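User: I'd like to learn how to read salt bridges in a fold. Can you walk me through one?

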Amino acid sequence: MKKGSKVILRIGRLVSLVGTVLIAQHLPPVVCAYGMLLFGLGLAPLFPTMVHLTPERFGNAHAARIIGLQISSAYIGATFIPPVIGWVANLTGIGILPYALIGCMVLMLLLCERIDRRHVYAQK
């Protein structure tokens, strides 16, 4: 079950990345709609699964504080990232949106994999 959660995280991140790449390809609108669908479906399990894995990754002693940090970071990100992307899109054009999404997804992939590697090394 524990390895299942990590697999769900990886699959979700990859599905979201595929969705953003579909959006960025300038294909017909129906393909972009499927890209948005994949993007959303891939992101859906990430936050609950990451919160669920927090005690395993960081220990029960620190879990409550780290979960609080995760939730507050999610609220801060949801508050500030959309206006910043909107401001940049206003300056450069809406065509920047898919690339901003791809940048966020790649950053999330790298950071999550880094946490997973540290967790694996900490157990050995």
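Analyst: Start with the helices: here a helix is a DSSP run of at least four residues, numbered from the N terminus. Keep in mind that this is a predicted model. Along the sequence the pattern reads α-α-α-α-α, so to speak in plain words, five helices and zero strands.

User: How much of the chain is buried, then?

Analyst: Of the 124 residues, 26% count as buried. As for contacts with a separation of 6 or more, 66% of them come from residues 24 or more positions apart.

User: On to the charges. How many salt bridges are there?

Analyst: The general idea is that side chains of opposite charge can pair when their charged atoms come close. The cut-off here is a Lys or Arg side-chain nitrogen within 4 Å of an Asp or Glu carboxyl oxygen. By that rule there are three. Take Lys-6 and Glu-56, with their closest N and O atoms 3.5 Å apart. Lys-6 belongs to helix H1 and Glu-56 to helix H3, 50 residues apart.

User: Is Lys-6 buried or exposed?

Analyst: Buried means under 20% relative accessible area, so Lys-6, at 16%, counts as buried. Glu-56, at 26%, is partly exposed.

User: Which residues make up the network?

Analyst: Arg-13 pairs with Glu-113 at 2.9 Å, N to O, and this links helix H1 to helix H5 across 100 residues. Arg-10 also bridges to Glu-113, at 3.0 Å. Shared partners join Arg-10, Arg-13 and Glu-113 into one network. Arg-13 is buried at 1% and Glu-113 at 18%, while Arg-10 is partly exposed at 35%.

Notes: Residues are numbered from 1 along each chain as its sequence is written. This is a predicted model: local features need pLDDT of at least 70, side-chain atom pairs count only at pLDDT 80 or more; totals for chains, interfaces and linings use all residues. Side-chain values use heavy atoms; hydrogens and water are left out. Helices (H or I, at least four residues) and strands (E, at least two) are DSSP runs, numbered from the N terminus. Buried means under 20% relative accessible area, exposed over 50%, partly exposed in between (1.4 Å probe, protein chains only). Contact means heavy atoms within 4.5 Å.
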